[in-house]
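Have the model open while you go through them.

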Amino acid sequence: PAGLALSVLVVLLLSVLYEAIKMGKALLLRRALLAVPRSLSQESLAEPEEEGSGPTQSRGQLPPTPPHGFPVSHRWFWYHVGQTLFHVLQVVLGYMVMLAVMSYNAWIFIGAIVGSTLGYFV
């Protein structure tokens, strides 16, 4: 009985953590989109070409650097790295919860459902 209760609690907490990571990933995406100016396109995120990387840049000019020091493409890169790490963690936790549910134990299943509900609610 104590082992089952501990297992249900662990699955419940894993499900809450899964939902928290899912929301953290969405918040990080929102921050990334707010950090990049609206006029910035995918072409200007790439390396500059010989004729310049954007329509307003002339040859030999560097892209503008924001006040906090990093160019926009570098900030976008680090946001993308963060999103990738969140995604990997989310997939690993999702598979762990799935494997626990596949034990076909009703209490484990209820723990996963309650944890997912609590994680989404919080």
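Which residues of H1 are buried? I take that up in point 2, after the overall layout.

1. Keep in mind that this is a predicted model. The protein chain has four helices and zero strands, so read along the sequence you get α-α-α-α.

2. Helix H1 covers residues 2–35, which makes 34 residues. From first C-alpha to last it reaches 49 Å, close to the 50 Å expected at 1.5 Å a residue. As for the question above, the buried residues of H1 are Val8, Val11, Leu12, Leu14, Ser15, Glu19, Ile21, Leu28, Ala32 and Ala35. Do look at Ser15 and Glu19, which are both on that buried list.

3. On to the chain as a whole. Buried residues account for 22% of its 122 residues. The protein chain exposes about 9200 Å², and 70% of that comes from carbon and sulfur atoms.

4. Contacts next. Take those in the protein chain between residues at least 6 apart in sequence: 81% of them join residues at least 24 apart.

5. Last, the aromatics. Searching the whole structure turns up one aromatic pair, made by Phe77 and Trp78. Their ring centres are 5.1 Å apart and the planes sit at 75°; the pair counts as edge-to-face because that angle is over 60 degrees. Is Trp78 buried or exposed? Trp78 has a relative accessible area of 56%, so it is exposed, the cut-off being over 50%. Phe77, at 46% relative accessibility, falls under that cut-off and therefore counts as partly exposed.

Technical notes:
Residues numbered from 1 in each chain as written. Predicted model: local features only at pLDDT ≥ 70, side-chain atom pairs only at ≥ 80, totals over all residues. Heavy atoms only, no water. Phe/Tyr/Trp six-rings, centres within 6.5 Å; stacked < 30°, edge-to-face > 60°. Buried < 20%, exposed > 50% of the residue type's maximum accessible area, 1.4 Å probe, protein only. Helix = DSSP H or I, 4+ residues; strand = E, 2+ residues; numbered from the N terminus. Expected span 1.5 Å × (residues − 1). Contact = heavy atoms within 4.5 Å. Areas by Shrake-Rupley, 256 points an atom, 1.4 Å probe, with all protein chains shown as cover.
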